Structure formats: C-alpha cells, structure tokens
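Here are my notes on this model, point by point. Have a look at the structure first, then read on.

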Amino acid sequence: MLFPLLLAAATLRAQPAAYSRPAPGSAIAEPRQLRSRDGVLSLELTVRNARAADGSVRYCYLLPDGSESPTLRVHPGDLLVLKLKNELTDLAAQASPAHAQHAASAHADPCSSGRMSATSTNLHFHGLTAPPQCHQDEVLRTSIQPQDAPFEYRLRIPAAEPPGLYWYHPHIHGFSAVQVAGGASGALIVEGLERATAAVRGLPERVLVIRDQNLLHPAAPPSKSEPVVPKMLIDRDGDAANNGTGFGKPAKDLSLNFVPVPYPDYPPAQLRLRPQERQLWRVLNAASVTYLNLALLFGRTAQALGIVAIDGVPVNRAGSAAEPVIWRDHIGIPPGGRVEFIMTAPPAGVAGLLVTRTVDTGQGGENDPNRALAAVSTAEDAPEPATHLPVDAAPLPLAALPWLGDVAPVRTRYLYFSEKLTDPGNPNSATEFYLTLEGQQPAAFDPTSSATNIVAHQGDVEDWIIENRSTELHAFHIHQIHFLLLEWSGVPVNEPFLRDTVNVPYFNGRSLQYPSVRLRMDFRDPDTVGTFPYHCHLLEHEDGGMMGIIRVEPAAPAAAAAAAAASPAPQR
Ligand SMILES: [Cu+2]
C-alpha cells in the first residue's frame, strides 16, 4: 500500500492548500492586511499557478504563510520593498507537451529583457505616480523568469499621493489577461482618506476585490428564472457576446475576495453586518474584461451609496467647499477602476443584496448581464471588520498644484480605438485591436519596437480627445498619471475628482460622429518622466495590441534637447 500513499502525497504537493479558494456561497473574508512600520513596508510574495480540480486556472500571489493577495497599506512617503519570486509553470505546455516552449536557458537581465512567455511576469502598481523605472513601476522591459532570484521592487510612495485605493497586478504583454483572470491581483491602500473626507472618520472599512474568471459552467443553459433570450453568440475574444437583453450567459464568472458567484444561478457570496451599521466599502474592479455597475438592494429598492473616492483620489480634490460625498443608487466601475463609498447595512430583519446591473458594452462587446453578487444579512453580533478609519485626523493640506480643470492645456492630441478583422471577408477571423494617435497608421502594439507614439514634456498639461470607432466599449487607462474627464461625446461634464481609467462609449454604426471623451492629462509631476504605456484595460484587448507608448521628457529645455538628439526617431 506504500505506492498509492506516495502518489497521494505527490498529488498533495502538486495542489498545495495555498491554491484552495472558497466555495460558491461562502462568507466573504477580508484579505490579509500588511501595514508599513516606521515608514517601510517589506514583504515577500511568490506567484504560482495551477489548474484546479474544477478545471479553472489559478494564478496566486502568496505570502510565506500561504495567505493570498494581501492588501498593502502604506502612507504617503513610505518605502515599499516587495520581493517577488516567480514560480510560474507553463500550464499549456503541461496540457500539451508537444507545444512546450524551449525553456529559456540563458539568463537575461530582468530589467531589460522584455521577454514575453507564459512563465514571465512582473508588477504594475496601478494608479501610483511612481517613476516608470526598473524596480519601481516599469512594465515594458521588466520581465521576471522562474529561474531568476527574487526580484526586488523598491519604490517610494510619493508624498503627495492622494489617499485611497490602488492595486497591483502583472503586466506582461500577451499574458496579462490569463494571469489577472487567474487571480493575480491585490489591493494597495494609501492611508489618509479620513483626512480628506470627514464623513468616513471612525467608519469600519471593508476591501472588496471583484475579479473575473472563465465560466465554471460554460455549457449550462441560463437559469429558469431568467427570460428566454436570443441565441448566444460569441464575440471577437471568444466570450459570450452582448445580446442587449441584460440576461443570458456572461462572458466571465465574477468573484468577491475569491468567493466565486458562478453562472447560471449566481449563488451570492455572504456578508454579515450589524443592523444599520455604516461602513466604508473600498471596491476594486480587478476583472480582466468585466464592467461592473453596482447597486445595493433592500427588497427591490436601490439604496443611496455615498462615493468618497474614485481611482484612489478623494472626490473633493478640486478644493471646492462642496460636500465631498456624491450620493448615487448605482455605481459603474470599468475594469481597473476603483470606487470607495459609504453604505448603510439593512435594518434588522431586512435582507440586502449587492448586485451588478447589466452594462451595455455595444454590439461587439462582451455580455455583462444582471447578476447577484453578495447577500447582505444582519446580526447584532456580526464580526467587525479588522480596520476602522481613525476618528481624529488632521485635514490634508491643499494640493500644491492648481486644480487640473483650471490649467490651460499646451496642446490637444487626438487618438482613437479601432478594431479590424485579419480577414475582412470572414467575420470569424481573428481581430486586431488598435489604439492610434491620429496621423499614425493603426498597428497592433509591437513589444519588440522601441518606438514611442507620443512625446510629452514634464510640467505640461495636455488635452487628449479619444474616439471609439469600434462597436464595443473600451476602458482607456494610462500609467503614472491621473486625468480629468472634461467632455463625454462633446458634452461638458464637471467632475470634482480625477480618474486613471475611463470608459470610452462605443460606436453604434449610425451616429454622424464617433463617440469620444476629452481628458485633461497631467504631466506636471516630476515622477512622470520616462517611458510608459496607455492602453485599453480590457486585458484581452491590451494583450491583443490596443496599447501605445508615451515618453515624457524632463522639463529643462537643455535636457529635452539632449534627449531628442540621442533618439533620432521620436515619432513613428
Ligand atoms: Cu478594449
């Protein structure tokens, strides 16, 4: 009997407990929290992947104690030291050894190799204004292989970084979607929201990371409780296509802090709060392609949710005297976006339900139907969240720089999203995804090219008008900076907050003009100097080429001239 026991032990080693994730319908646990001490947060993360018993592919950020995807809590000015050990394996090669890639034998410098393979990885600190330099927030050349020693990220949280919710995830071109959909993501909180917004002082807070993953039951018919919808189509990424009804099969399943809520019955994850307790919910949309449109229902009535921060920036950063809470009964969050809001638990005896409402992603987009996410019940003895915001807080100093909306742009640039079938005569042929600067040729992002699409100068503020010439919704994101949304398809909007990710509405094939957004882009911070990407945050689109490169040159005219002379082809 020794042999079968040995086999069982080997199986256990191949699927360590660290890969286990909660079952559908479980209570939502808070991620492990790591706090900086004396101005430093040091941690070691290992990234591993495995195919689980249910067939799903998992990518896990693990601490030495086996806990997954910790929330990193830092103050402005702190040093973050994160050692990342890559222990990824090529799951596709294991499934089909004939397709195994040659293991990269030669050691390559992780700072410059730019290697893209199924076992390469790196980190992006989404939303932080950290320099785009190796060991900090550089993703275009940085690539860590399994044979590399632990790779040290060492970055200073900028002293002026607004307090709020940021996040970390891998950014290897061509492999971002599979790693993020597998669960490689975590929250990063810059402390001090209570200094910006008195309304959150003393509140218990809850971090909710909403991820997506491939459907656990892709062949299942929709729940009998749903209306019958037209025949399911597949979109250009191979996911269930938007059918325009708000029902039917979604492109991906969702999970909340790793509790899956699978199609077709969406058994809600469980949350227990004290009756009528106020909490601050810090919600990250870490999905690879899924838009969220959150609402909290008591019975059928959507409750008021008080938004205090978007994309890591408190809503009153404009410095206006207006009430720094925006009350809404539903909240859209694109992939990559974050929203922090005040909610109130139901009264005793009333059941609450957190849902995501359908998002119309356009004719060419994924299906994002209505679905339940979490059942919110109450009990007088419900456990309190681990963190309460401080009651006493010195107000944040006013921003050192003028409000972005009050600064005149030095120029306006025009960009557009578009898609093209590789064989225009065959609707089933592969799609190429482009994000193009007007005047340049549409081309899928080429990671082997060192050409930049845009050159800007530190100190400048620019307006970018970004059109969508495709029939699906896209989410524009740029590294290193935040921007101000000024116009939505030509209509002025007046937002008292900044974003780093924004929806660009889809073209319906009929309107006389393409839909667009006008963004005021802020290159004033010296930490923006360097080369970094802007892209669609639907990771299947990013991996498919919907990305461009900007180089921000130092402000000093002499330095800028020297940099231009050293690089003869700044524009392609
Ligand atoms: Cu897109």
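1. Burial first: I call a residue buried under 20% relative accessible area, exposed over 50% and partly exposed in between, using a 1.4 Å probe and protein chains only. On that scale Y61 and Y168 are both buried. Bear in mind that this is a predicted model, where local features need pLDDT of at least 70, side-chain atom pairs count only at pLDDT 80 or more, and totals for chains, interfaces and linings use all residues. Residues are numbered from 1 along each chain as its sequence is written, and side-chain values use heavy atoms, with hydrogens and water left out.

2. Aromatic pairs next. Rings of Phe, Tyr and Trp (its six-membered ring) pair if their centres lie within 6.5 Å; planes under 30 degrees apart are stacked, over 60 edge-to-face, and the rest tilted. That rule gives 11 aromatic pairs. One of them, Y61 with Y168, is tilted, at 5.6 Å centre to centre and 45 degrees between the planes. Since Y61 belongs to strand β3 (residues 57-62) and Y168 to strand β8 (residues 164-169), the pair ties together parts 107 residues apart in sequence. Strands here are DSSP runs of E, at least two residues, numbered from the N terminus.

3. F507 and Y514 make an edge-to-face pair, because their ring centres are 4.8 Å apart and their planes stand at 65 degrees. F507 counts as buried at 15% relative accessibility, while Y514, at 34%, counts as partly exposed. Elsewhere, ring pairs link W464, F476, F483, F523 and Y534 into a cluster.

4. C536 and H541 are both buried.

5. The charged end of R211 sits over the ring of F258, 3.8 Å from its centre. R338 has its charged end over the ring of Y166, 5.7 Å from the centre.

Technical notes
Helices (H or I, at least four residues) and strands (E, at least two) are DSSP runs, numbered from the N terminus. A charge sits over a ring if NZ of Lys or CZ of Arg is within 6 Å of the ring centre and within 35 degrees of the ring normal.
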